[in-house]
Amino acid sequence: MSKQQNRNPQHKHEYVFGKKNYIVMAIGIAVIALGFILMAGGGSDDPNVFNPEIYNFRRIRLAPTIVLIGFGIEVYAILLNPDKKKK
C-alpha cells in the first residue's frame with residue numbers, strides 16, 4: 001500500500017433509501033400532518049358546555065382517513081425500489 005492511499009481515504013456515503021424514496025416519504029409526512037391538522041379544534045372554551053361540533057364529518061371520518069392514507073404512502077415509500085427502471 002502506498003502512503004497516499006492511507007492519507008486520503010475516500011468514503012462514499014450510502015444511504016438506506018434513494019432520493020425518490022425520501023421525496024415520497026416527505027409527501028407522506030405532509031399528508032399525515034394535514035390529517036392531524038384537520039382533526040384539531042372543535043372543543044369548547046367552557047368545560048361545562050358541550051359542543052357537538054367535535055363529532056362532525058371532518059373530525060370523525062375525513063381526518064382519520066387522510067392520516068391512514070398518509071401511512072399508506074409511507075409504507076409505499078419504504079417498499080419503493082429507486083433503482084427500478086421504466087420500460
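**Figure 1. Ile54 in the loop between α2 and α3.** In this predicted model, Ile54 sits in the loop that lies between α2 (19–39) and α3 (57–79). Its relative accessibility is 35%, so Ile54 counts as partly exposed. Setting aside neighbours within four places in sequence, Ile54 is in contact with Gly42, Arg59 and Ile60. Met39 is 15 residues from Ile54 in sequence, and the two C-alpha atoms are 9.1 Å apart in space.

Figure 2. Two of its members, Phe50 and Tyr55, are both exposed, whereas Ile54 is partly exposed.

**Figure 3. The salt bridge between Arg59 and Glu53.** The side chains of Arg59 and Glu53 form a salt bridge, with a distance of 4.0 Å from N to O. A search of the whole structure finds one salt bridge. Arg59 is buried, with a relative accessible area of 11%. Glu53 has 40% relative accessibility and therefore counts as partly exposed.

**Figure 4. Glu74, a buried residue without a salt bridge.** Glu74 belongs to helix α3. This residue is buried but takes part in no salt bridge. Which side chain of opposite charge is nearest to Glu74? That side chain is Lys20, 15 Å away. Not counting residues up to four places away in sequence, Glu74 touches Val24, Met25, Gly28, Ile29 and Ile32.

**Figure 5. Aromatic pairs.** The count of aromatic pairs comes to two. In one of them, the ring centres of Phe17 and Tyr22 are 5.9 Å apart and the planes are at 85°, so the pair is edge-to-face. Phe17 is partly exposed at 26% relative accessibility, and Tyr22 is partly exposed at 38%. Phe50 and Tyr55 form a tilted pair, with 6.1 Å from centre to centre and 35° between the planes. Tilted is the term here because planes under 30 degrees apart count as stacked and planes over 60 as edge-to-face.

**Figure 6. The whole chain, for orientation.** The protein has three helices and zero strands, and its elements run α-α-α from the N terminus on. Of its 87 residues, 22% are buried. The accessible surface comes to about 7700 Å², and carbon and sulfur atoms account for 61% of this area. Among contacts with a separation of 6 or more, 67% are between residues 24 or more positions apart.

Key: Residues numbered from 1 in each chain as written. Predicted model: local features only at pLDDT ≥ 70, side-chain atom pairs only at ≥ 80, totals over all residues. Heavy atoms only, no water. Helix = DSSP H or I, 4+ residues; strand = E, 2+ residues; numbered from the N terminus. Buried < 20%, exposed > 50% of the residue type's maximum accessible area, 1.4 Å probe, protein only. Contact = heavy atoms within 4.5 Å. Areas by Shrake-Rupley, 256 points an atom, 1.4 Å probe, with all protein chains shown as cover. Lys, Arg positive; Asp, Glu negative; His and termini not counted. Phe/Tyr/Trp six-rings, centres within 6.5 Å; stacked < 30°, edge-to-face > 60°.
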